[in-house]
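Here's a model to look over together. Have the sequence and the 3D view open while you read.

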2 protein chains.
Amino acid sequence: MQRMPARIGDPLAAIDTPALCVDLGPFERNLARMADATKGIRLRPHAKSHKCATIARAQLARGAVGICCQKTDEAAAFVDAGVRDVLVTNEVVGAPKAARLAALARSATVGVLVDAGVAVATLSDAASRAGVQLDAYVEVDVGANRCGVRPGPAVLELARAISGAPGLRLRGLQAYQGAAQHLRKPAERAAAIASAVADARRMRELLLGAGIACDIVTGAGTGTWQHERDSGVYDELQPGSYVFMDADYGRNIAGAADLAFEQSLFVVASVMSTPASDRAIIDAGLKAFAFDSGLPLVHARGGAEYVKASDEHGVLRTSDGPPVTLGERIWLVPGHCDPTVNLYDWIVAVRDGVVEGVWPVEARGALG
Amino acid sequence: MQRMPARIGDPLAAIDTPALCVDLGPFERNLARMADATKGIRLRPHAKSHKCATIARAQLARGAVGICCQKTDEAAAFVDAGVRDVLVTNEVVGAPKAARLAALARSATVGVLVDAGVAVATLSDAASRAGVQLDAYVEVDVGANRCGVRPGPAVLELARAISGAPGLRLRGLQAYQGAAQHLRKPAERAAAIASAVADARRMRELLLGAGIACDIVTGAGTGTWQHERDSGVYDELQPGSYVFMDADYGRNIAGAADLAFEQSLFVVASVMSTPASDRAIIDAGLKAFAFDSGLPLVHARGGAEYVKASDEHGVLRTSDGPPVTLGERIWLVPGHCDPTVNLYDWIVAVRDGVVEGVWPVEARGALG
């Protein structure tokens with residue numbers, strides 16, 4: 001773990017760069033907006049976005065029923081930090097990982113997804129050996145074309161297998177339409193979720209008709225959650241990025257039903273070289289941002305555009321506007337929040353120009 | 001820091017996935033090839049590629065004069081691990097970072113680049129306060145269009161300023177042509193370095209003609225080092241990626257003068273879902289690979305291609321070939337080694353199917 005890039009009470013100028021910062025004003029408004037908008041439904045925010053127990057605790061304090069994780073080791077980091085209800089919204093394959101997952105269920109409610117019969121046996125065995133119960137959900141592929149079984153008899157078959165498996169408790173269905181989150185137009189997102197809702201409803205009815213319990217249909221993300229909330233089918237929502245937002249979500253066109261989540265996540269960098277009138281170099285490159293969803297955006301400063309990255313450098317193209325000066329701090333909006341956060345050991349929480357907290361990113365690098 | 005994904009003596013099947021692995025056979029051959037080929041010149045390998053003290057020690061044991069780093073905190077990690085000669089091949093801007101750098105010079109020879117007059121004063125002040133000497137190099141932009149001063153009188157001016165600055169020792173010139181490393185054709189790389197060599201020679205002669213010492217011209221990378229070695233101008237070489245290689249370097253067309261460095265770096269992943277006949281999902285996505293230089297390549301296995309990533313998932317398109325099975329281990333070549341290594345706390349060193357070492361990546365996340 002790297003040293004902290006700032007101390008509580010520091011002015012912004014004292015933050016060592018590059019550093020990952022959260023602006024607490026917009027951050028807290030985002031938390032409150034989502035909590036308010038989901039009062040009638042279970043909110044289980046996805047912690048893969050922030051990987052930070054301080055943020056998970058803030059979400060739980062505002063009414064979240066638990067958190068989602070994507071990896072066994074990520075879940076372990078949050079259970080170690082005191083979180084008592086974690087759903088791994090992913091398949092967990094192989095006996096060693098299943099055993100680690102089951103061990104967590106000694107100190108927390110732990111859920112996991114299943115999309116193959118062999119996993120039912122593995123998880124059941126691990127839970128039985130550990131003397132615990134794991135909550136299990138059948139993952140239904142409602143259009144993301146990633147994991148999960150397609151809507152049909154295989155869903156019922158897996159649900160039946162889980163119901164009969166010692167150590168497992170069938171809780172319901174995971175129906176996350178990940179491919180819909182970044183569809184740019186509101187009507188495209190609405191249509192994709194309408195289709196996912198129809199699939200989820202059909203599968204829930206299939207289970208109920210066969211006398212199998214289906215207490216929770218869970219899913220949704222920051223791009224579409226209001227559609228799942230209003231569907232009458234989903235019982236639980238899993239948005240993650242809403243706490244931070246990013247440049248890619250910023251490219252979604254807002255619809256009438258969309259809440260105005262604000263950008264709260266930034267990387268602060270320093271200008272380390274001003275070699276030409278049209279070029280300045282900052283100290284944040286491929287190891288300071290994830291680039292899968294495009295380049296970072298320079299925030300609240302004209303005359304400079306992030307145009308190129310190498311490992312430890314970012315190239316700004318400078319143009320009309322205030323000249324970029326050596327040592328100047330540049331604030332940037334990451335292209336994609338989740339994998340960018342995963343590059344940092346600390347989140348520097350700032351408010352009104354002062355560092356208010358330095359939060360460990362406990363689950364950073366929790367890949368296993 | 002995350003737990004170790006394997007233990008010494010484990011078979012490959014016991015490595016928890018995803019994990020970063022080094023195959024020791026090709027890795028050691030790469031080390032030996034570069035050491036042999038640079039016997040007549042100073043080799044200072046770049047540690048930004050591996051961030052791992054175990055690897056730095058192996059390079060020093062084979063004759064390297066020291067290592068390069070790109071960040072002050074990276075240098076600190078290696079000095080803490082016992083490395084006694086570190087060149088930060090980058091500008092270090094601002095008094096706090098300069099003070100941290102100077103503190104390292106109490107226990108190691110520490111060098112740094114300069115491309116602006118104001119930095120001379122900052123570094124001189126930091127070195128004087130710490131009671132140490134910092135080695136300084138003028139960075140000349142020999143075609144990379146990143147940091148550095150363009151060849152011309154400004155190089156002499158900076159060299160003069162360094163020579164007269166208390167606490168600083170002018171060592172020479174940094175002349176790294178980073179933009180040449182991935183030019184695909186051997187003739188393109190040769191031409192780019194011929195131009196860099198001409199610039200470096202001219203600037204060295206400018207300094208010497210003015211009675212200023214220029215003991216070391218340093219630079220070069222894995223794509224071009226043999227040209228700098230044979231130039232008669234460069235005194236020191238800085239290749240980094242040669243220990244590992246990656247898919248992007250694999251796309252360089254080899255010339256007659258190129259050594260055959262072998263791929264030694266892999267990510268081992270597991271198949272976690274086989275939802276369709278033409279699709280399998282592995283447990284390694286945007287947090288397990290850097291994607292700036294393209295997708296990872298499936299290694300030594302037909303019938304599967306990595307075609308898409310989300311945060312924690314990789315999508316394989318499967319076709320003719322042995323069927324991809326649930327739980328199967330897939331070995332992959334990262335698109336870009338440096339930022340991929342930066343995602344991992346551990347490198348699992350394997351030989352002949354057995355884990356021989358588990359090496360901490362001490363400088364992972366050393367951004368400051």
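## Ground rules

This is a predicted model, so to speak of local features a pLDDT of at least 70 is needed, side-chain atom pairs count only at pLDDT 80 or more, and totals for chains, interfaces and linings use all residues. Residues are numbered from 1 along each chain as its sequence is written, while chains are lettered from A and ligands numbered from 1 in the order in which they are written.

## One chain

Chain A carries 10 helices and 17 strands; these are DSSP runs numbered from the N terminus, with helices being H or I of at least four residues and strands E of at least two. Its radius of gyration is 22 Å, close to the 21 Å that the globule rule gives for 368 residues, so chain A is as compact as a globular protein of that length. (The radius is taken over C-alpha atoms, and the rule is 2.2 Å times the number of residues to the power 0.38.) Along its principal axes, the C-alpha trace of chain A spans about 70 × 45 × 35 Å.

## How the two copies relate

## The interface

Chain B gives 53 residues to the contact and chain A gives 53 residues, where contact means C-beta atoms, placed from the backbone, within 7 Å. On the side of chain B that touches chain A, at least two residues each come from β4 (85–91), β10 (265–276), β13 (304–310), β14 (313–318) and α10 (337–341). β10(B) supplies the largest share, 4 residues.

By class, that side of chain B has 24 nonpolar, 15 polar and 14 charged residues. Here Ala, Val, Leu, Ile, Met, Phe, Trp, Tyr, Cys and Pro count as nonpolar, Asp, Glu, Lys and Arg as charged, and the others, Gly among them, as polar.

## α4 on α5 in chain B

Helix α4 (residues 95–104) of chain B packs on helix α5 (residues 117–130) of chain B at about 45°, with the axes 8 Å apart. Axes are lines fitted to C-alpha atoms, for helices over the stretch in contact, and angles run from 0 to 180 degrees between N-to-C directions. α4(B) and α5(B) are therefore oblique to each other: under 35 degrees counts as roughly parallel, over 145 as roughly antiparallel, 65 to 115 as roughly perpendicular, and the rest as oblique.

From α4(B), residues including Ala95(B), Ala98(B) and Leu101(B) meet a set in α5(B) that includes Thr122(B), Leu123(B) and Ala126(B). This contact has 10 nonpolar, 1 polar and no charged residues.

## α6 on α7 in chain A

The axes of helix α6 (residues 153–163) and helix α7 (residues 186–209) of chain A come within 10 Å and cross at roughly 50°. α6(A) and α7(A) are therefore oblique to each other. Val155(A), Leu156(A) and Ala159(A) of α6(A) make the contact with Met203(A), Leu206(A) and Leu207(A) of α7(A). That contact divides into 6 nonpolar, no polar and no charged residues.

Conventions: Two residues are in contact if their C-beta atoms, placed from the backbone, lie within 7 Å.
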